[in-house]
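Good morning, everyone, and thank you for making time for this. I would like to walk through one structure with you, slowly, for those who have not seen it before.

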Amino acid sequence: PVSGLAWDATTSTMYMCTTNVSTSSLMTVDLATGATTLVVTITGSAAMIACAVDTNGDIYGYDIVDDSMYAIDKATGAGTLIGAIGFDANFGQGMDFDHDGNTCYMFAFNSTTFQPELRTCDTGTGSSAFVGVLGSIAPGVLVQISGGATETNDVPVELMSIGVE
């Protein structure tokens, strides 16, 4: 299943991460036809739940099995462990870069607090910092942010998908 989309403005390529929670892959998406092409299987990651591309064209993602951030090599698929994200990620997640400041944002679900959270992430250490709660329907209701985007001039449309269970 699709777990994340990431736009690479340096190559005008849409990337897609997929996972079945034992294997993760990196694919490209043809925006004209919707056709996908397998680039590589991401080594080192069982469940790459989200991915994002920074202003340099580097791809990052985080895994919900080991709660760690990885740098993903577009050519080889090597997932290089950066470090722990600092919270128990589960369910729907998303990730994007604000290209104006090259800030990495996570649209996360924290299993420990059982709430959707906005976080910034450090691509040098893997750690994340809590910014705020993304919303709440009612106590005990699961709200998942399965995608998010920051506004840039590179991609004119922002998409967000919210799942409520």
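Predicted model: local features only at pLDDT ≥ 70, side-chain atom pairs only at ≥ 80, totals over all residues.

Let me begin with an open sheet of four strands, which follow the order S5-S6-S7-S8 and pair in the antiparallel sense; strands here, like helices, are DSSP runs numbered from the N terminus, with at least two residues of type E for a strand and at least four of type H or I for a helix, and two strands count as paired if DSSP finds at least two bridges between them. At the edges of this sheet lie strand S5 (48-53) and strand S8 (79-84), each of which pairs on one side only. From one strand to the next the twist averages 25°, where the axes are lines fitted to C-alpha atoms (for helices over the stretch in contact) and the angles run from 0 to 180 degrees between N-to-C directions. Strand S7 (residues 68-72) is joined to S8 by five bridges in the antiparallel sense, and Ala-71 has Thr-80 in S8 as its bridge partner.

Residues are numbered from 1 along each chain as its sequence is written, and side-chain values use heavy atoms, with hydrogens and water left out.

How confident is the predictor, then? The protein chain averages a pLDDT of 84, and 81% of the residues score at least 70, pLDDT being the predictor's confidence in each residue on a scale from 0 to 100. Over residues 149-165, however, the pLDDT is below 50, and this stretch has 35 contacts in the model beyond near neighbours in sequence, a contact meaning heavy atoms within 4.5 Å.

Now to a second sheet, also open and antiparallel, whose four strands come in the order S9-S10-S11-S12. Its edge strands are S9 and strand S12 (128-133), each pairing on one side only, and neighbouring strands are turned by 30° against each other on average, direction ignored. S10 and S11 pair over seven bridges in the antiparallel sense, and in this pairing Cys-104 stands opposite Cys-121 in S11.

The link of Cys-104 and Cys-121 is left-handed, with -55° about the S-S bond, and the structure holds one disulfide.

Are these cysteines buried or exposed? Cys-104 is buried at a relative accessible area of 2%, and Cys-121 counts as buried at 10%, where buried means under 20% relative accessible area, exposed over 50%, and partly exposed in between (1.4 Å probe, protein chains only). Cys-17 is buried as well, at 0%, and so is Cys-51, at 1%.

Technical notes. Disulfide = S-S within 2.5 Å.
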